[in-house]
Amino acid sequence: MLKIAKSHEWVKINDDGTAAIGISDYAQNELGDLVFVNLPQVGDELTAGEVFGDVESVKAVSDVYAPAGGTVIEINEELLDNPALINESAFDAWFVRLENVTEGDGLMTEEEYDAYVATL
Amino acid sequence: MEELKTPLYERHVELDGKMVPFAGYILPVQYKTGLIAEHMAVRTACGLFDVSHMGEATICGKDALYNTNNLVTVDVEAMTDGQVKYTPMCNDEGGVVDDILVYRIDAEHFYLVINAANRHKDVAWMRSKMTGEVEFNDISDSVGQLALQGPNSIALMKKIIDDDNTRPKKYYTFIKEASIHGKRCLISRTGYTGELGYEIYASPEDIVDIFDVILSEGKEQGVIPCGLGARDTLRLEAAMPLYGHELADDISPLEASLDFFVKLDKPYFIGRDALIAKGEPTRKRTGLSVTGRGIIREHCDVYDGDKLIGVVSSGTMCPFVNHAVGMAMLPTAYLEPGTKVEVDVRGRRIPCEVVALPFYKKETKAK
């Protein structure tokens, strides 16, 4: 089930209770060509609503907030080498996988999020 | 303050330009192709920039040569008619008022191109320094400007110019009376990308037609419209200074490593005495190449261990060299290429090394 935060990060919670998180297509489009990603390490604890990494376009650096809390069990090494994957397909380009997941407050469904970004 | 629109504003909107305020104008930072594609187009094919925000001024009259020569650090007397020179323009203390282009039409007619952000300051400064039989005019509002840059720009220009004899063939020369599809324009072999190319000046009405002609006729040459974002990464890759970053009222052109453009043996120019009195600079602009992971940016502090030694003036991931680089003014003890330093990026120390400028240099072959 895909849910998206107002700060433009998505979380997909799997049936086994683990989750993947990334940034939305709207976010990648606003940021422009991404050239650098800073990710946490396996074992790090994320807190929903707090910064867990950053993405950099040629022009600027932007914090990425965790849409859900949990323990990092895997990071997407491919993104470190090729941040453009986020521009190509934002909802497939996961940043980290989590276990012991706690959803953040105020997450939206895809429809709600689309309606929200239409107002921006 | 309400931003001004250039004559090409509607075109930018039609082309899906992401419009941002810059130097009092609203201009596209990029189009839908994105900054990296725009940057690469200029290095490998060609790109078209609206630079109508740039300011233009003229100095005319019997004493035009003396006055122009007095304003700038290069030797204007040594210029030939039809030649262009890049030059710093100093204040009395030897700091930089602006960096400008001087076009010598003849000894009594000069055309100057100045930074948009400095236009009013420059115009007031230059006007205040005029002496003798001379007329100074700010003509910025009656001039539109395009930059066509990239290896394919020559083939494209040959295709659209009405008379190929009016196409400037040599680097840093210009033709005042050229025309493109019947629209009169001044064309120079200049640019701010480190690539070969042209800058085109015409009336605000005609510049729109010329813009359209270049995009419609240039498909074969791979031309795409490019925004301010690519303009900045291209100039940074080519290590060209940008006023407000590498240049300022309190930075001397020698500190900015523009020695080549400062002719101290010229008998007179504003700032000359101050530059001579200051002697060899104790700090100079140099290149930094990131050896660790990350991107260094403007305002980041540069360290040697615990010692703060400078600040990054410009920095980014440069698309063509595909590496994170920056420029900083560092004490002369740190200028040797290979010198290890660290840059503080949001609380994280990123290892860098000093490298010679520029980061990118085009292969020289042009006609």
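**Where two helices meet**

Guide: Let's start with the residues themselves: Leu35(B), Glu38(B), His39(B) and Val42(B) on the H2(B) side meet Gly229(B), Ala230(B), Thr233(B) and Leu234(B) on the H7(B) side. Sorted by class, this contact of H2(B) with H7(B) has 4 nonpolar, 3 polar and 1 charged residues. Bear in mind that the model is predicted.

Now for the geometry. Two packed helices are described by the angle between their axes and the distance between the axes. Here the axes of H2(B) and H7(B) come within 9 Å and cross at roughly 55 degrees. That angle makes H2(B) oblique to H7(B), and the crossing is right-handed.

Strand S17 of chain B is worth a stop of its own, and Leu308(B) is found in it. Is Leu308(B) buried or exposed? With 10 other C-beta atoms within 10 Å, Leu308(B) is exposed. Setting aside its neighbours within four places in sequence, Leu308(B) is in contact with Asp301(B) and Tyr303(B). As for Arg283(B), Leu308(B) sits 25 residues away from it in sequence and 13 Å away in space, C-alpha to C-alpha.

His299(B), in the loop between strand S15 (283-290) and strand S16 (301-304), has a positive phi of about 80 degrees although it is not a glycine. With 10 C-beta neighbours inside 10 Å, His299(B) counts as exposed. Asp16(B) is another non-glycine residue with a positive phi, near 65 degrees. Asp16(B) lies in the loop between helix H1 (9-14) and strand S2 (18-22) of chain B, and with 13 C-beta neighbours inside 10 Å it counts as partly exposed. While we're on the backbone, the peptide bond from Leu357(B) to Pro358(B) is cis, with omega near 0 degrees. Pro358(B) lies in the segment after strand S20 (348-355) of chain B.

For a helix with buried residues, look at H3 (residues 64-71) of chain B: 6 of its 8 residues are buried, so it is largely enclosed by the rest of the structure. Those buried residues are Ala64(B), Leu65(B), Asn67(B), Thr68(B), Asn69(B) and Leu71(B). They pack against strands S5 (55-60), S6 (83-90), S7 (96-106) and S8 (109-114), along with helix H4 (119-129), in chain B.

Finally, step across to the partner. Chain A has 4 helices and 9 strands, which follow the pattern β-β-β-α-β-β-β-β-β-α-α-β-α along the sequence. Its radius of gyration is 13 Å, close to the 14 Å that the globule rule gives for 120 residues, so chain A is as compact as a globular protein of that length. The C-alpha atoms of chain A fill a box of roughly 35 × 35 × 20 Å, taken along the principal axes. Of its 120 residues, 42% count as buried. Among the contacts in chain A with a separation of 6 or more, residues 24 or more positions apart account for 62%.

Terms used
Residues numbered from 1 in each chain as written. Chains lettered and ligands numbered in written order. Predicted model: local features only at pLDDT ≥ 70, side-chain atom pairs only at ≥ 80, totals over all residues. Rg over C-alpha atoms; globule rule 2.2 N^0.38 Å. Buried ≥ 20, exposed ≤ 12 C-beta atoms within 10 Å, placed from the backbone. Contact = placed C-beta atoms within 7 Å. Axes fitted to C-alpha atoms, helices over the stretch in contact; angles between N-to-C directions. Parallel < 35°, antiparallel > 145°, perpendicular 65-115°, else oblique. Left-handed = near helix turned anticlockwise from the far one by under 90°. Nonpolar A, V, L, I, M, F, W, Y, C, P; charged D, E, K, R; others polar.
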